[in-house]
Amino acid sequence: MISPDQAIQETQSWIVNVVAGCNFCPFAAREVKLDSIHYRVTDFVKPGPILQALLDECRLLDTDPAVETGFVIITEGYQDFEDYLDLVELAEKLLKKEKYEGVYQVASFHPEYRFEGAPPDDPANFTNRSMYPMLHLLREESIEKALKTFPNPDSIPEKNITLARKKGFAAMEALRSSCKISYR
C-alpha cells in the first residue's frame, strides 16, 4: 500500500523533473515555485468516493485563492487506462452537474496514458504519463489569462511531442521512473 506522503512526494518529483523539467507545461514551474499546488490522495477504488474527492478539491479551490491548481491522486485502482478514461468522463459530467463547467477544467494523467491512435511505445505519451492515475483541476480563468501572454500557445502540444520523441522511449521512461521513491 502506498502512503499519501509517498504519493505526494512522487507526484511532486514528477511535476518538477518531468512536467516542468521538460517544459511540457510552460506554466508549471511558476506554480511549483509559488507552492500553489494542492495534492489530495485517495485510495478509493469506486468512482463515487473519488468523484467526491474531486468535488472537495473544487470547493477548496473555491475558498482558497492561494491554491492555483489541484491534483486528486488515485493510489488504488484505475490502473487500466480504459477504466480511467471512463472515470475522467464521469468527472467532466460531475463538473457540469455541479455548475463548475467553465470554472474548472479536468486534465488527465495516467501511468499508461496513450493518445488516441498512438502506439503504447510512442514517447509522446509521456507528456501525460504520471506516477499514478490522477485528475488535475485547473482554473479556467487562469488558463485563459496565461494563454493570452504566451506566444503561440497552440504550438505547446507539438513541441512537447517533438521533445519526447527526440528523447526517446527509454529516456522518458527512465526520467519518470527516477521520480519513484525507493524504500528499503
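These legends cover close-up views of a helix pair and a pocket in a predicted model. Residues are numbered from 1 along each chain as its sequence is written. Local features need pLDDT of at least 70, side-chain atom pairs count only at pLDDT 80 or more, totals for chains, interfaces and linings use all residues, and side-chain values use heavy atoms, without hydrogens or water.

**View 1. Helices α3 and α4 pack at an angle of about 45°.** Helix α3 spans residues 47-63 and α4 residues 81-97, with axes 10 Å apart. Axes are lines fitted to C-alpha atoms over the stretch in contact, with angles from 0 to 180 degrees between N-to-C directions. Helices are DSSP runs of H or I, at least four residues; strands are E, at least two.

**View 2. Nonpolar residues join α3 to α4.** Pro47, Ile50, Leu51, Leu54, Leu55 and Cys58 of α3 meet Leu87, Leu90, Ala91, Leu94 and Leu95 of α4 (heavy atoms within 4.5 Å). The contact has 11 nonpolar, no polar and no charged residues. Nonpolar means Ala, Val, Leu, Ile, Met, Phe, Trp, Tyr, Cys and Pro; charged means Asp, Glu, Lys and Arg; the others, Gly among them, are polar.

**View 3. The largest pocket is lined by 38 residues.** Cys25, Phe27, His136, Leu138 and Ile143 lie nearest its centre. A pocket is an open set of points on a 1 Å grid where a 1.4 Å probe fits, with protein on both sides within 12 Å along at least five of seven lines; lining residues have an atom within 4 Å of a point. Helix α5 gives the most to the lining, with 6 residues. The lining divides into 23 nonpolar, 8 polar and 7 charged residues.
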